[in-house]
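Here are some friendly notes to read with the structure open beside you. Take the points one at a time and find each place in the viewer as you go.

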There are 4 protein chains.
Amino acid sequence: MNVLEWNRYGKARVRLLKARRARQPHELVDLTIDVQVEGAFEPVYTEGDNRLCLATDTMKNTVYAFAREHLVGPVESFGLVLARHFAAFDQCESARVSIDEHRWVRMPTDDGEAPDAFLRSADFTRTATVTATSDGVAIEAGIRDLAVMKTGRSAFRGFPRDDYTTLPEADDRIMATLLTASWRYGEAVHGANFDELFDAVGETILDAFADHDSASVQASIWVVGRAVLERHPEVDEIRMTLPNLHHWLVDLSPFGQPNEGEIFVATREPFGLIEATVRRGD
Amino acid sequence: MNVLEWNRYGKARVRLLKARRARQPHELVDLTIDVQVEGAFEPVYTEGDNRLCLATDTMKNTVYAFAREHLVGPVESFGLVLARHFAAFDQCESARVSIDEHRWVRMPTDDGEAPDAFLRSADFTRTATVTATSDGVAIEAGIRDLAVMKTGRSAFRGFPRDDYTTLPEADDRIMATLLTASWRYGEAVHGANFDELFDAVGETILDAFADHDSASVQASIWVVGRAVLERHPEVDEIRMTLPNLHHWLVDLSPFGQPNEGEIFVATREPFGLIEATVRRGD
Amino acid sequence: MNVLEWNRYGKARVRLLKARRARQPHELVDLTIDVQVEGAFEPVYTEGDNRLCLATDTMKNTVYAFAREHLVGPVESFGLVLARHFAAFDQCESARVSIDEHRWVRMPTDDGEAPDAFLRSADFTRTATVTATSDGVAIEAGIRDLAVMKTGRSAFRGFPRDDYTTLPEADDRIMATLLTASWRYGEAVHGANFDELFDAVGETILDAFADHDSASVQASIWVVGRAVLERHPEVDEIRMTLPNLHHWLVDLSPFGQPNEGEIFVATREPFGLIEATVRRGD
Amino acid sequence: MNVLEWNRYGKARVRLLKARRARQPHELVDLTIDVQVEGAFEPVYTEGDNRLCLATDTMKNTVYAFAREHLVGPVESFGLVLARHFAAFDQCESARVSIDEHRWVRMPTDDGEAPDAFLRSADFTRTATVTATSDGVAIEAGIRDLAVMKTGRSAFRGFPRDDYTTLPEADDRIMATLLTASWRYGEAVHGANFDELFDAVGETILDAFADHDSASVQASIWVVGRAVLERHPEVDEIRMTLPNLHHWLVDLSPFGQPNEGEIFVATREPFGLIEATVRRGD
């Protein structure tokens with residue numbers, strides 16, 4: 001006797017551009033949206049009974065249809081409307097809407113910012129995830145793939161040495177990462193402006209990253225996560241994923257040159273991968 | 001008061017080639033390995049105390065050092081040795097070793113298979129994940145990104161229609177996916193040959209995929225998952241992730257042509273995303 | 001006074017699946033097609049005069065409309081029909097149609113090959129490029145991204161050493177590449193079956209690659225290219241692009257182990273990049 | 001009798017980070033460098049004679065060794081030193097050094113810009129290509145993959161309609177592209193500051209893109225290219241490659257909604273691909 005232990009389905013990568021061209025200057029919102037639902041959908045799987053199976057094509061249509069009326073403010077608000085809509089379907093226990101926002105800024109020109117031309121601000125992707133269940137909603141905001149680097153005040157010392165350890169202790173290593181962070185808002189977020197809050201948390205992350213002395217990537221996660229919780233009562237929890245993108249000092253001695261922490265080879269693989277969740281205590 | 005709720009770290013994408021050239025013909029193993037550990041590493045994060053922080057560089061070295069002696073059979077066995085080694089470290093509660101095997105086959109030539117030349121068999125990546133804890137080990141094997149397609153006996157009918165539904169019912173749609181599956185071995189696996197078992201499960205997946213009438217991607221997951229559990233007592237559970245890579249019928253009527261299920265546009269996004277876990281019942 | 005020195009435009013990545021389901025077993029063709037035209041299109045650029053500007057959307061439609069009737073044999077033949085069609089437009093001096101064929105094979109099952117299920121054969125992409133001009137047509141066929149490796153009989157010795165040379169001479173290095181080759185057919189191809197010819201040239205490439213002693217990637221290109229020209233009078237010229245994907249011996253001495261050409265780290269970047277064209281002499 | 005018609009080889013994707021940490025604030029240069037040489041290297045290919053074959057590993061070492069002393073100003077200058085060095089080798093007829101510059105900016109914090117922390121400015125990649133031959137050097141600078149969009153004043157009308165044309169004329173289409181441009185400096189560049197010039201040309205590109213009424217992507221290339229030549233006497237020629245990344249209006253009528261140029265689906269493939277070179281006339 002086999003059992004459907006767990007199931008989830010939905011539509012991934014719905015690409016939506018909303019151009020508000022009745023306004024001057026034009027406004028632009030560029031999103032990639034995933035919708036995923038979980039629930040008591042067993043008959044869809046085990047019986048081939050589609051009566052409960054909201055088509056993923058319908059999910060896609062819904063995103064476009066809702067965008068005209070409901071996509072007017074922060075992406076978190078749009079995610080909320082969508083997540084509640086899908087969670088209300090029969091047998092649906094939870095609906096999760098994940099949004100990537102690709103940010104565009106008005107194009108700088110000799111005459112100031114253009115009213116109808118844009119360039120993409122690609123330093124990072126802003127993310128938002130809203131999950132609706134019968135218990136309520138959870139709202140997360142985040143940043144994905146922001147490349148950051150510390151060229152000073154990054155050390156890695158005092159780690160254990162076994163038969164396979166060759167890494168020297170370092171006082172002044174380069175620490176580079178592609179920062180991905182996602183934070184969950186708590187009750188205190190009610191009434192807040194999600195756009196302002198996103199910007200504020202982003203600034204805290206940069207500020208804490210730049211400001212601290214790092215003993216390890218692990219320690220940096222804690223420092224940055226704690227700073228977010230301390231400065232932003234709206235945030236209950238933050239998760240970070242930091243690949244440690246190694247930069248190795250090039251041995252220039254065969255060429256008769258010193259290399260005092262100046263010339264490095266940047267590498268993509270392998271990389272350290274450090275993840276943690278820091279939450280507000282009780 | 002903030003809390004380190006969860007943490008995990010390790011080394012990702014350690015690229016290892018083992019060429020056994022003392023043998024005739026040569027043998028080749030090409031792996032990408034991730035090592036991740038979880039445990040009571042709080043002081044590493046919150047105190048910057050690295051005394052418990054096994055360096056990820058040491059993890060990488062260990063992989064290469066162990067490869068010479070221990071990488072002699074199936075990748076699951078190598079994963080087992082590595083996972084147990086890392087799980088034995090202080091404060092480590094679990095160590096997970098994930099391996100991608102890139103398969104090479106001896107190159108076909110006029111004179112038969114070459115003894116020292118290979119071509120990569122790229123239809124899919126074989127995966128293995130071994131997790132070691134104080135309770136024992138869990139071994140999973142899998143397939144990633146195998147592109148498969150059903151051109152017959154794939155329907156999608158009887159799904160609910162709401163205000164946003166436009167998808168017509170289909171009796172003969174193209175069903176294409178990039179199949180990713182991962183199955184967990186149970187007690188019955190002891191003494192089994194992991195390579196033979198991998199091949200056998202793979203054959204079952206293909207056989208079930210080709211053989212069944214599909215009512216939906218969801219139903220196909222169930223059919224394939226159940227087949228694996230029924231034919232392979234060594235498997236306790238299987239998880240599948242199936243993107244539904246849509247192929248839309250091109251409207252040729254503007255060009256005065258019929259199109260009876262023959263000419264399609266293949267799309268990459270958006271896609272349906274269907275996931276489920278099927279397990280052996282009690 | 002500025003001049004439009006050169007121009008080219010077209011549609012890229014038209015994704016086409018043709019499923020011939022009236023046949024038993026089903027047949028499947030999966031192509032990605034690029035169309036590019038060059039010609040006296042200056043007014044389109046300099047005057048904004050679109051009267052000569054065949055829309056790239058029309059190119060896309062044409063590909064789908066032609067597929068129903070004309071995509072019946074080798075991709076080279078389909079490319080020929082398309083290239084001649086586009087080259088016949090006003091002001092068009094040349095039309096180039098480039099096709100990637102994604103190969104699918106019937107799915108193996110317990111009962112033999114499935115009639116209506118397929119898996120993608122992903123070892124390489126088959127390519128074809130047809131260029132039509134008023135002078136006639138040029139037909140090229142090719143292979144892209146076939147991963148191949150020599151574990152024996154690959155050396156690199158006797159190269160010059162300057163102040164920046166540290167690479168040791170090697171007698172038994174691993175030589176791995178992602179082979180891309182493109183060959184141009186000459187007059188002798190008339191009446192040939194392009195599918196059989198593609199397979200035959202592909203076999204020659206593998207055979208020559210496996211069979212020879214390599215003095216360098218450069219020397220291997222010559223050996224393989226010459227073999228193709230010698231065995232296939234239909235081919236006038238062959239161009240190859242071979243990244244040298246380095247595999248570096250891991251230094252296991254810190255761990256008290258020898259490493260006699262057995263354990264390697266596979267790398268992606270940097271890589272050597274060797275390209276050459278070998279043609280039939282007069 | 002077969003002939004080596006053409007050959008080129010070198011090292012691709014040498015990843016170099018230079019961190020000037022003796023300065024306050026720190027300075028950072030992050031480059032990916034390709035070196036390619038062409039010349040009379042036939043014996044390397046046809047005879048397996050490596051006496052003329054400068055190892056690509058030596059090229060890589062040279063890049064790192066030169067970086068310490070010579071990477072002090074604009075990337076064009078570094079490319080020049082490298083290209084001349086490689087062009088001086090025996091039998092080398094031309095040496096081309098292509099550099100991607102990944103731009104980092106000092107991290108903004110509460111206390112101003114950090115002296116030792118950076119974030120990557122990822123809107124585009126700055127490129128430079130220097131080619132040295134016995135005749136002299138050619139210097140090109142460029143921009144790669146800058147996403148830009150016009151939401152106003154972009155039309156496509158008056159194009160020819162044949163049996164396969166379905167595209168409606170458009171007065172207010174969205175025009176989005178991933179702009180890649182490369183411009184060649186002429187004699188007038190001597191004494192110029194390559195960094196300032198790069199910024200100035202980049203501003204002209206944005207300014208012209210934002211400012212003009214577009215009749216087609218082709219016409220936009222001409223407008224932008226001409227603006228660069230008119231404003232920058234240092235530039236002799238500019239080549240642009242502009243994919244036309246289509247945004248299709250979503251049909252909301254099934255949902256009882258109008259869609260007056262507001263809600264679009266963003267697509268990745270197929271795309272129009274428009275390329276041209278505009279040069280200064282005589």
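1. Let us start with a pair of helices in chain C. Helix α2(C) passes α3(C) in a right-handed crossing. Helix α2 of chain C covers residues 56-70, and helix α3 of chain C covers residues 75-87. Their axes come within 11 Å and cross at roughly 135 degrees. An angle over 145 degrees would count as roughly antiparallel, and 65 to 115 as roughly perpendicular; α2(C) and α3(C) are therefore oblique to each other. Please keep in mind that this is a predicted model.

2. Which residues make these two helices meet? On the α2(C) side, look for M59(C), T62(C), V63(C), F66(C), A67(C) and H70(C). They meet F78(C), V81(C), L82(C), H85(C) and F86(C) in α3(C). Sorted by class, the contact of α2(C) with α3(C) has eight nonpolar residues, three polar ones and no charged ones.

3. Now turn to chain B and look at its helices α2 (residues 56-70) and α3 (residues 75-87). These pack at an angle of about 135 degrees, with their axes 11 Å apart. Helices α2(B) and α3(B) are therefore oblique to each other, and their crossing is right-handed. From α2(B), the contact uses M59(B), T62(B), V63(B), F66(B), A67(B) and H70(B). From α3(B) come F78(B), V81(B), L82(B), H85(B) and F86(B). By class, the contact of α2(B) with α3(B) holds eight nonpolar, three polar and no charged residues.

4. Helix α4 of chain C (residues 194-211) and helix α5 of chain C (residues 217-231) pack at an angle of about 140 degrees, and their axes are 9 Å apart. That makes α4(C) oblique to α5(C). The crossing of α4(C) and α5(C) is right-handed. On the α4(C) side, the contact is made by V201(C), T204(C), I205(C), D207(C), A208(C) and F209(C). On the α5(C) side, V223(C), V224(C), A227(C), V228(C) and R231(C) take part. The residues of the contact of α4(C) with α5(C) divide into eight nonpolar, one polar and two charged.

5. How many residues does the contact take from chain C and from chain D? It takes 70 residues from chain C and 70 residues from chain D. Together, chain C and chain D bury about 5,900 Å² between them, with 56% of it on carbon and sulfur atoms.

6. For an example to find on screen, E275(D) forms a salt bridge with R8(C), where the closest N and O atoms are 3.1 Å apart.

7. Chain C also touches chain A. Here seven residues of chain C are in contact with seven residues of chain A. The two chains bury about 720 Å² between them, 55% of it on carbon and sulfur atoms. In chain C, F255(C), R268(C) and E269(C) lose the most area to chain A, together 59% of what that side buries. Two salt bridges are found across the interface of chain C and chain A. In one salt bridge, E269(C) pairs with R268(A), and the closest N and O atoms are 3.4 Å apart.

8. Finish with some backbone details. Most residues other than glycine have a negative phi, and most peptide bonds are trans. In chain B, a cis peptide bond joins E269(B) and P270(B), with omega about -5 degrees. You will find P270(B) in the loop between β9 (263-266) and β10 (271-280) of chain B. In chain D, a cis peptide bond joins E269(D) and P270(D), again with omega about -5 degrees. P270(D) lies in the loop between β9 (263-266) and β10 (271-280) of chain D.

9. One last stop is in chain A. Look for R153(A) in the loop between β5 (136-150) and β6 (175-185) of chain A.

Key:
Residues numbered from 1 in each chain as written. Chains lettered and ligands numbered in written order. Predicted model: local features only at pLDDT ≥ 70, side-chain atom pairs only at ≥ 80, totals over all residues. Heavy atoms only, no water. Axes fitted to C-alpha atoms, helices over the stretch in contact; angles between N-to-C directions. Helix = DSSP H or I, 4+ residues; strand = E, 2+ residues; numbered from the N terminus. Parallel < 35°, antiparallel > 145°, perpendicular 65-115°, else oblique. Left-handed = near helix turned anticlockwise from the far one by under 90°. Contact = heavy atoms within 4.5 Å. Nonpolar A, V, L, I, M, F, W, Y, C, P; charged D, E, K, R; others polar. Buried area = accessible area lost by both parts, 1.4 Å probe. Salt bridge = Lys/Arg side-chain N within 4 Å of Asp/Glu carboxyl O.
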